[in-house]
Amino acid sequence: MKILITGATGYLGKILGEQLVRAGHEIFVVTRKKSSAAVQLPFPCKIIEADLSQESISDAQMSAADKKSIEVIYHLMGEPVAEGRWSAEKKQRLVQSRVAATQNLYASGFKPKKLISASAIGFYGDRGEEQLGESSTVGTGFLPELCQQWENEAEKFKNPSTEVSIVRIGLVLSAAHGYLAEILPFFRKGLGGPIGNGKQWMSWIHEQDLISLFIFCLQQNRSGTFCGVAPHPVENSEMTNAISTVLKIPAVLPTPKLILKLMFGEKESIITASQKITSENLSKTNFKFVFPELPAALNDILQAQAQGEDIFLAKQYFKEKPEQLFPFFSDAKNLEKITPPVVGFHIEKMSTPEIQQGTLIDYKLKIRGVPVRWQTHIENWNPPQEFIDTQWKGPYQLWHHTHSFEKLGTGTLMTDRVRYKLPLKGLGSFFASGLVAADVRKIFEYRRKVIGEIYKLD
């Protein structure tokens, strides 16, 4: 099918788009900046440059024929709720990127068979011990009102020819994004603990189950609203204890609600809200959760962190085939081209004339201005699909980098997966994990930009 995605450059959109391509669908993406999206999106697609928060999509931006061909729309766009304080300007962006964007999407003239729109369990507000589901009433306050307006605009798509599915997304558990990613640094330093009295209910979902739910909505032949939450919500104290158990690190320092109010202002309400939610509508379907229980979900997500490791994952899509890309990335000298100059990366010698299984590469670089020497061992060499390099001598306790080149569509999905562990055991992680994570991210952002220019990703 031909599927249009808004919000495709967001965390959820990237994963969903990749899965839809793997299933054989043709993807169109609407985004504000085409050049940036072309570098970020890990899947093949046709990019439409338009800002739905400000205007509808004109026929000049997307032809009438292409609009007519769209069979399904995934509407995922929205200013991140959890980022920054809720100033008047921030609130306006939240409204524009959800309510106005949905109005403009509708006004663009699409006639899909199905619209699948994101919403949030913020719809319910703070409800204490009340059992909630799709049939429960909307809460009070800014976020519930925003969610209700957002959903009302999405419902306007519904007609005899168009089904509308709405997913009220719960607390998404992922080591790379959102709640867990934000609190993990504190827990790993032994600074984690319950929020307030820890009695507030948290309705969560594993990221894998959320993606499966969005794809499930595509397969359903009926309209409906679904709460994107696992069947077993937990209190904040249980969430805290479960994270502590997986990491094997005590978490006993509570965070008073007053402190959160001072730190975040009105946004504190989404951190401390109690929402005990199960999906009544999902329970009536054949949808199966892979992770219905919290301990199993956390054990899956935090495998590396439980061993004291960190994971960095980067994906980039190229129109070229793996055999066309592999020679560039397997040439050690090209690493200097795609590494930020401030790092001062320079290869000194190699144990073989060309890279192969077992090659040792000696080079020098700077970490925050401090000169270090590094020796890399090519652990696995399997052109044009994969190669793995590991640190034999250098500043890390562990550095294991897998470069994979997978055929996707007519091109290649390149994936970099790095496992690393800082020296000095827990001390290294306590004092430097945040700085190192930021440095690794900046290095790969630079690489993404330079590679995009080399291969003309636009």
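Student: What should I know before I start clicking on residues?

Tutor: This is a predicted model, so local features need pLDDT of at least 70, side-chain atom pairs count only at pLDDT 80 or more, and totals for chains, interfaces and linings use all residues. Residues are numbered from 1 along each chain as its sequence is written, and side-chain values use heavy atoms, with hydrogens and water left out.

Student: OK, the largest nonpolar core. Which residues touch the most other members?

Tutor: Tyr74 and Phe214, out of 37 residues in that core. A nonpolar core here is a set of buried Ala, Val, Leu, Ile, Met, Phe, Trp, Tyr and Cys residues joined through side-chain atoms within 4.5 Å. Buried means under 20% relative accessible area, exposed means over 50%, and partly exposed is in between (1.4 Å probe, protein chains only).

Student: Which elements each supply at least two residues of this core?

Tutor: β1 (2-6), α1 (11-22), β2 (26-31), α2 (34-40), β4 (72-75), β5 (114-120), β7 (163-169) and α7 (207-219). The one that gives the most is α7, with 7 residues. Helices (H or I, at least four residues) and strands (E, at least two) are DSSP runs, numbered from the N terminus.

Student: Is there a second core, or which residues would I look at for one?

Tutor: There is a second, separate core of 36 residues, and it includes Phe328, Phe329, Ile355 and Val372.

Student: Back to tyrosine 74. What does it touch?

Tutor: Leaving out residues up to four places away in sequence, tyrosine 74 touches Ile3, Leu4, Ile5, Thr6, Leu16, Leu20, Ile116, Phe214, Ile215 and Leu218. Contact means heavy atoms within 4.5 Å.

Student: How many aromatic pairs does the structure hold?

Tutor: It holds 25 aromatic pairs. In the pair of tyrosine 74 and phenylalanine 214, the ring centres are 6.2 Å apart and the planes are at 55°, so the pair is tilted. Rings of Phe, Tyr and Trp (its six-membered ring) pair if their centres lie within 6.5 Å; planes under 30 degrees apart count as stacked, over 60 as edge-to-face and the rest as tilted.

Student: Where do those two sit in the chain?

Tutor: Tyrosine 74 is in strand β4 and phenylalanine 214 is in helix α7, 140 residues apart, so the pair links distant parts of the chain.

Student: And are they buried or exposed?

Tutor: Tyrosine 74 counts as buried because its relative accessibility is 0%. Phenylalanine 214 also counts as buried, at 0%.

Student: What about tryptophan 381 and phenylalanine 387?

Tutor: Their ring centres are 5.4 Å apart with planes at 50°, so that pair is tilted. Tryptophan 381 and phenylalanine 387 are both buried. Ring pairs also link them into a cluster with Phe318, Phe326, Phe328, Phe329, Phe405 and Tyr455.

Student: Changing topic: which residues does a cis peptide bond join?

Tutor: Proline 383 and proline 384, with omega about 0°. Proline 384 is found in the loop between β17 (370-382) and β18 (386-393).

Student: Which non-glycine residue has a positive phi of about 60°?

Tutor: Lysine 248, in the loop between α8 (236-247) and α9 (257-264). Lysine 248 counts as exposed because its relative accessibility is 66%. Arginine 368 has a positive phi too, about 50°, and lies in the loop between β16 (360-367) and β17. At 52% relative accessibility, arginine 368 counts as exposed.

Student: Last thing, open space. How much lies in the second largest pocket?

Tutor: About 1000 Å³. On a 1 Å grid over the protein atoms alone, a pocket is an open set of points with protein on both sides within 12 Å along at least five of seven lines, and lining residues have an atom within 4 Å of a point. Grid points are joined across faces, edges and corners, and a volume is the space filled by probe spheres set on the points.

Terms used: 1 Å grid on protein atoms, 1.4 Å probe; cavity = no way out; pocket = protein on both sides within 12 Å on 5 of 7 lines; lining within 4 Å.
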